[in-house]
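Let's take a walk through this one together, starting with a sheet and ending with some annotated residues. Have the viewer open as you read.

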Protein chains: 2
Amino acid sequence: MTLAEEAAALDAADPLAAKRAEFDLDPAVAYFDGNSLGAPPRHVAQRLADVVREQWGGRLIRSWTDGWWDAPERVGERIAPLVGAAPGQVVVADSTSVDLFKVLVAAVRANPGRGEILLDAATFPTDGYVATQVGRLTGHAVRRVPVAELPAACGEETAAVLVNHVDYVSGRLHDMGAITAAVHAAGAAVVWDLCHSVGAIAVRLDEHEVDYAVGCTYKFLNGGPGAPAFVYVASRWQESFDQPLAGWAGHADPFAMEAGYRAGAGISRARAGTPDILSLLALDAALDVWDDVDLAVLRAKGLALGDFFLHCLDELLPGADVPTPRDHARGHQISVRVPDAQRTMAALHERGVLGDFRPPDVLRFGLAPLYTRYAEVLRAVTALRELS
Amino acid sequence: MTLAEEAAALDAADPLAAKRAEFDLDPAVAYFDGNSLGAPPRHVAQRLADVVREQWGGRLIRSWTDGWWDAPERVGERIAPLVGAAPGQVVVADSTSVDLFKVLVAAVRANPGRGEILLDAATFPTDGYVATQVGRLTGHAVRRVPVAELPAACGEETAAVLVNHVDYVSGRLHDMGAITAAVHAAGAAVVWDLCHSVGAIAVRLDEHEVDYAVGCTYKFLNGGPGAPAFVYVASRWQESFDQPLAGWAGHADPFAMEAGYRAGAGISRARAGTPDILSLLALDAALDVWDDVDLAVLRAKGLALGDFFLHCLDELLPGADVPTPRDHARGHQISVRVPDAQRTMAALHERGVLGDFRPPDVLRFGLAPLYTRYAEVLRAVTALRELS
């Protein structure tokens, strides 16, 4: 069987094949950047225009009480099943960077008498920038530790540990259960960054007794460019959740306009300012595509796409330098190291193969099981061989 | 001349009358909440649908380099003339609450050795909540002072002063020039909250040598519900601007993915996380209505609408309790105190007159010169008389 025949057979047997039609994708393009910017579900454009005309224009200020004000919690509840969270623990608000700041400060405040924050040494940069700023303000030292060494590095000085669930460069998936247990054994709290795992993997926050998490909605959740992020605070930490961006939207009674802050009940206290309704309702619309998705099927296809990518590399580009784990300890991306990655990715773009590159030398190919086809994987690897 | 004839004459002579047609407003409704949620310009719905289909769906990840990444600065430059700022000093990002946090921390860091923050005692609540959080983290005392007493209250301990340009309850306009000069005379920096003045008054930040400002785009700028806020940092403060939400979007070279933070040049360093593109481009579209607006004409109409509102009150409800200044030291709103304000406003809503209420007893009527008509002012006061 040729690779093309294999791809065709895999596409024909794909239980998620019908989902592709729900997305607005240029058929001339093979899109491998759903791990950076998810593709738009077809109905989002019209839904958003309706929100502007009917809710904003038609109902005007009355829409705030007709569903806008509570949208951060309501949309959060739609994300909750994707991260394994029971109700009342997820809210959508602000950006990942801003939410990391809230959660890290709250985490160290809730764990006093300990002087350090441990940071995934290979973290996406903004997590490190934010942790540094938190350390400046709260007096905590910030220590970078490779994830494999985090369990041993946690000690009695560790207040909180910030770790990425899936490494954004290599695609490696870290062991949420084992790391969380090790952090807890040292008396510290863990903050998981789910940006590259939500919508790819059936994340199990409650099952692993995770303390806090932050995640992005514009990658595998297809929420739209710069769509608001979400915050998870485990129920047991909510009453002590004392966050520094305690704006009016997190107040117990925002429209009472009280001079003093009283934190709202439950997860609402993770909110800061007025919610960004247009982006939030675009995300709300985009989440509709998840209603009938079995996360086990999604995960299986994501891994199968990756396996087929590796198989194509083995056949067409043997010896390719692949930092992504060949076993299944990975998210839904395959990375390939090449000498001139930026130029190679630009040439792939010219051929209609859209991935991205991360310095210094990594090509990233995101695999979005809701719309990526096996035939496109073969197309990407074929194009890569032509450029090699 | 009857009040109805007066209203008709004023509407007939209104130089901004044609702007009303640019907005999508239910003709059955008299809308007086443009100081809380501006009405949608008609073209925004279609423009936003086009952004989703063409930029997000059509260009996908390539749009980030085709204009999305720099949109915060580009849209900021469109707001700059409305606040009297020369280029390079305004950026659109995050919410007002979050931006206040950035700016207040940066302001006190840039003015070391002083232990207090002064706060407008009648401030919109979120400003006070944020100032309190800043004080907790930086060790500054936060002292509430009535605005009239601020100039005398500033002293050698004052690091920064946070004051609202227009009081959100009474509509009183504070003297930006005099207060800024007094704050400077004491060696402190001033942060102006422009939420209720931008798009109403020709704000003159540069002329008054203001240090920092934050403002809202969803009120008189009609940017959409929860549209992102803007930050002004005067050029002379930009190099020392050291803000606590220093996420990757404010980095000098974000896509280099460096482990350490290096603040971007100029106003860009006021950015935090990934910009919220859909809301930002809705705002961008909404700003088109300002292209041909003379701010002096806008201001004159806003004051004339208020004068006519007061005149109608004098005729129809003599003795009404009006906390808004009768002279022109006010923004574009008239407030009326009534015993049961919440129920009265609900009854006005039933009559198609949409204002809002602020505890404990204030009815607020926003006057948006781009679409409010004098005949609607008469309708509002007439309805209010019927309920009295």
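In what order do the seven strands of the open sheet in chain B run? Keep in mind that this is a predicted model. The order is β2-β8-β7-β6-β5-β3-β4, and the pairing is mixed. The edges belong to β2 (90-92) and β4 (141-145) of chain B; each has a single partner strand, so one side of each has no neighbour in the sheet. On average, neighbouring strands are turned by 20 degrees against each other, direction ignored.

In chain B, β3 (residues 116-120) pairs with β4 in the parallel sense, over five bridges, and B:L118 sits opposite B:R143 of β4(B). Helix α7 (residues 176-185) of chain B packs on the sheet, where it touches β5 (158-164) and β6 (189-193) of chain B. Its direction makes about 150 degrees with that of β6(B).

Now hop over to chain A.

Two of the annotated residues are worth a click. A:Y218 is in the loop between β7 (212-215) and β8 (230-233) of chain A; it is buried, at 11% relative accessible area, and its contacts include A:S36 and B:T274. A:W248 lies in the loop between α8 (235-238) and α9 (277-286) of chain A. A:W248 is buried too, at 8%, and among its contacts are A:W69, A:T274, B:S97 and B:F124.

Notes
Residues are numbered from 1 along each chain as its sequence is written. Chains are lettered from A and ligands numbered from 1 in the order in which they are written. This is a predicted model: local features need pLDDT of at least 70, side-chain atom pairs count only at pLDDT 80 or more; totals for chains, interfaces and linings use all residues. Side-chain values use heavy atoms; hydrogens and water are left out. Helices (H or I, at least four residues) and strands (E, at least two) are DSSP runs, numbered from the N terminus. Buried means under 20% relative accessible area, exposed over 50%, partly exposed in between (1.4 Å probe, protein chains only). Contact means heavy atoms within 4.5 Å. Two strands pair if DSSP finds at least two bridges between them. Axes are lines fitted to C-alpha atoms, for helices over the stretch in contact, and angles run from 0 to 180 degrees between N-to-C directions. Lists of a residue's contacts leave out its neighbours within four places in sequence.
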